[in-house]
Structure formats: structure tokens, C-alpha cells
Amino acid sequence: MNKVYVIGVGMTKFEKPGRRQNADGSAWDYPDMALESGTNALNDAGIDYDQVEQAYVGYVYGESTSGQRAVYGLGMTGIPVVNVNNNCSTGSTALYLAAQAIRGGLADCTIALGFEKMKPGSLASSYDDRAQPMDKHVMAMAGLAEFAFPVAPWMFATAGREHMEQYGSTPEHFAKIGYKNHKHSVNNPYAQFQDEYTLEEIVDAKMISDPLTKLQCSPTSDGSGAAILASERFVEEHDLAGRAVEIVGQTMLTDFGNTFDGSAKALIGHHMNVAAAQQVYDQSGLGPEDFGVIELHDCFSANELLLYEALGLCDDGEAPKLIDNGDTTYGGRWVVNPSGGLISKGHPLGATGLAQCSEITWQLRGDADKRQVDGLAAGLQHNIGLGGAVVVTAYQRADR
């Protein structure tokens, strides 16, 4: 198994759908997004596109071969371009595949790129004349709580209420996560929102699905992210070790049978999350205590709270204590979502996993500016899409 390194990352600012225009007044389209993030990543790596041997391009909403259209702006070199769609974990799935090609010795340099051009408002299905991929998940959740629209916040809110009933967490615990992530995003120039709110404003915002208010829910977004990956040989030949970040553990898992064990948390990926994290800890030889910075999938504040337990930051039922003690922000045991997370940075589905990769790479290099977490040795990334797939990745600086 060959070592895999991130040698360059780049992203666009995440934007409210349809808001940004090009300098000539035309609509900011996905090829523009991909050109910007991909060029940023290539420049960060200090290489040209013709040195890239394979491309893995992720998006959820788009026509077939949009991946080719997206990267052709970087160059038309005849390389394999693989289109990737895995719901909200699309970007990290592209990252996983790009890393797998290097890990298996099939390439020395690959690009993972993700983008999304979204519509305002809640997510909706594109095809109504065929089975929905999450129909069984939704029906099982409807057996636990009265069905409600929008579907995604209803599912995660149901899991949040389940935690409240089992362990005594309160709506304020979820609100504190929203407060933290909005506060973190103030220092992120790539974030869709850079506004800080009081806890009272978080609590009093429009209720979306009890106990989740609007300021605890990720918005739809336009944007793109990219990462250049390389083998150890490529890093050595191009003298990139000083800025390279090694992927020291990575796994992708899908649903197990116990997704349908009768609990709400299982339906939103708990068992996948636990197993994926443990596999990465085993691969890397690192544990939760070794990761000073964590970018995780806070599509809703309830999911972030549940992930503290699933990723092993604490025992079941102990997440509220981490929140009350300030253990997941600056000055605490971990800094979780220094980027602002999905809640405040935004959530263009195909780009999210690569934006997380970018943030951790910047953090480990010491390039995160006002967001910088001191004394970092390693970083952890978690990205999940229901239906379902989870990707967990552990990173260390190459010179460590």
C-alpha cells in the first residue's frame, strides 16, 4: 500500500445559490467554480494540470459527464475523468477514490474536485417516477416520529429528540453548537455566512424542525473545492515534503443491517460513523485524543452532537458535557469545525468534503490565519451522506 499525500488544496467562497456573477455579468456556473478551485489547488501544489493522471469529480445535481465539462477548463489531456455522486459525502468520496488510485499504485498524481450549483430552499428529489434511494430510511423514521417536511431536518431533529429523551440533552445544547460554528466562521473568508449570533438569537430563530432552528441548519450553497493528491515518489521528486500532508487513515463505509435497528440515530448513520472512525483509528494508530482539529458533518447541530459520541470523543450520553465545558472550541480539547462547519460555511453537496480537506490541510500547515489552532499534530475529517455513505479521513504533516 503506497502512501498518499495532499500536496495542494483550493476552494471558492461558498455562496447563496444564484447570488454570485462573473465579472462580465454572466451567471457563475459550475465550470467557473471548478476552474477557480482547481486552479487554486494546482497553484498551491506548484504543478501543472498535465502532471495529473486521473480526475475524480463529484456533484449531486447535474447532467452526466458534468465532471468532464468541469475539469476541461483546467486542461484537456485525455486522462480518465470519473463522475462521482454519493449524496452529501460526494466530495469526500471523490477524495477517497483519488487516494485509492495512488494507494494502489495506479497513479502518482490525481485530483479530487467537487462542485455544486444548487437551488434555493430545502433539498428536493429530481425524479418522482422511480424508487427513492432513501424511501426505506424515511419510512422507518416515520415509524418513530410523525412525518414532516422538509425531510432532512425532520430526520436529524428526530435523532436529536431521541438523545434528549435518552440522555437529558436540551435544546440549548444544540443551540450552543450553532452558536459555536457561526462564531468560528467569522474568521473564514470562504464561508457563506460570517456573522456571529448570540445564543438567544440562535434559540429564537425560526423553528425548522423542533428543536432545530434555522441557525442550526446548513444552507444550500453554490461552490467548489479541490485537492491534489500524490504518491511518496512524486512528493520526493518535486521536493514537496515541507508542505505535504499525509493521509494516514481513510475509509468509506455504507449502511449495515443495523441501520434499521429501530433507533433514529441509526437511520442517520450512527453505526456507519462508529465503524468508520474505528477503522481509521486502527489504520493510523491514532485515537480521538490525538486530533487537535476536527472537521465533521454538522448538516444540523443535532448531528454534530451525536458525532461527538460516534467518533469516540466521549461516551454515549456525554456529549452535552463536552459542549457545556467548551471542549470543542478554541481553548478546549478539540477545535471542531474551525471553518464554521456546514452550518455557517455552507453546504454545496459535492464540494463539502473537499472544503473540509482544505481546512485541515491549511490547519496542519499553519496556514489558517485567524482560525489557526495551535500545536497541531493531526487532523480528522468526517463526511456523511444519507442513503448512505460515510468517509472518515485522518491526516498528519508529512514532516512528522
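Two strands count as paired here if DSSP finds at least two bridges between them. Helices (H or I, at least four residues) and strands (E, at least two) are DSSP runs, numbered from the N terminus.

Before you start clicking: this is a predicted model, where local features need pLDDT of at least 70 and side-chain atom pairs count only at pLDDT 80 or more, while totals for chains, interfaces and linings use all residues. Residues are numbered from 1 along each chain as its sequence is written, and side-chain values use heavy atoms, with hydrogens and water left out.

**Stop 1: the sheet**

Colour the strands and trace the order S3-S2-S4-S7-S1-S8-S12-S11-S9-S10: that is an open sheet of 10 strands with mixed pairing. Strands S3 (81–84) and S10 (335–336) sit at the edges with a single partner strand each, so one side of each has no neighbour in the sheet.

Next, pick helix H10, residues 270–284. H10 packs on the sheet and touches S8, S11 and S12 (contact means heavy atoms within 4.5 Å). Its direction makes about 150° with that of S8; axes are lines fitted to C-alpha atoms, for helices over the stretch in contact, and angles run from 0 to 180 degrees between N-to-C directions.

**Stop 2**

Select residues 245–254, which make up S8. Eight of these 10 residues are buried, so the strand is largely enclosed by the rest of the structure. Buried means under 20% relative accessible area, exposed over 50%, and partly exposed in between (1.4 Å probe, protein chains only).

On one flank, S1 (residues 4–11) runs antiparallel to S8, joined by three bridges; look for Val-4 with its bridge partner Ile-247. Then show S12 (residues 389–397), which is antiparallel to S8 and joined to it by nine bridges. Val-245 stands opposite Arg-397 there. Carry on to S11 (residues 378–385), which pairs with S12 over eight bridges in the antiparallel sense, with Asn-383 opposite Val-391.

**Stop 3: the cavity**

Where is the enclosed space? A search of the whole structure turns up one cavity of 30 Å³ or more, and the largest cavity has a volume of about 50 Å³. A cavity is a set of points on a 1 Å grid over the protein atoms alone where a 1.4 Å probe fits but cannot get out, and lining residues have an atom within 4 Å of a point. Grid points are joined across faces, edges and corners, and the volume is the space filled by probe spheres set on the points.

To find the largest cavity, select Lys-265, Ile-268, His-270, Asn-273, Asn-303, Leu-306, Leu-307 and Ala-310, which line it. H10 and helix H11 (301–310) each supply at least two lining residues, and H11 gives the most, with four.

**Stop 4**

Most residues other than glycine have a negative phi, and most peptide bonds are trans. Here are some exceptions.

- Phe-149 and Pro-150 are joined by a cis peptide bond, omega about -10°; Pro-150 is in the loop between helices H4 (135–142) and H5 (151–167).
- Gly-387 to Gly-388 is also cis, with omega near 0°, and Gly-388 is in the loop between S11 and S12.
- Thr-65 has a positive phi, near 60°, in the loop between S2 (54–58) and helix H2 (66–71). Thr-65 is partly exposed, at 45% relative accessible area.
- Asp-239 has a positive phi, near 55°, in the loop between helix H8 (232–237) and S8. At 69% relative accessibility, Asp-239 is exposed.

Key:
1 Å grid on protein atoms, 1.4 Å probe; cavity = no way out; pocket = protein on both sides within 12 Å on 5 of 7 lines; lining within 4 Å.
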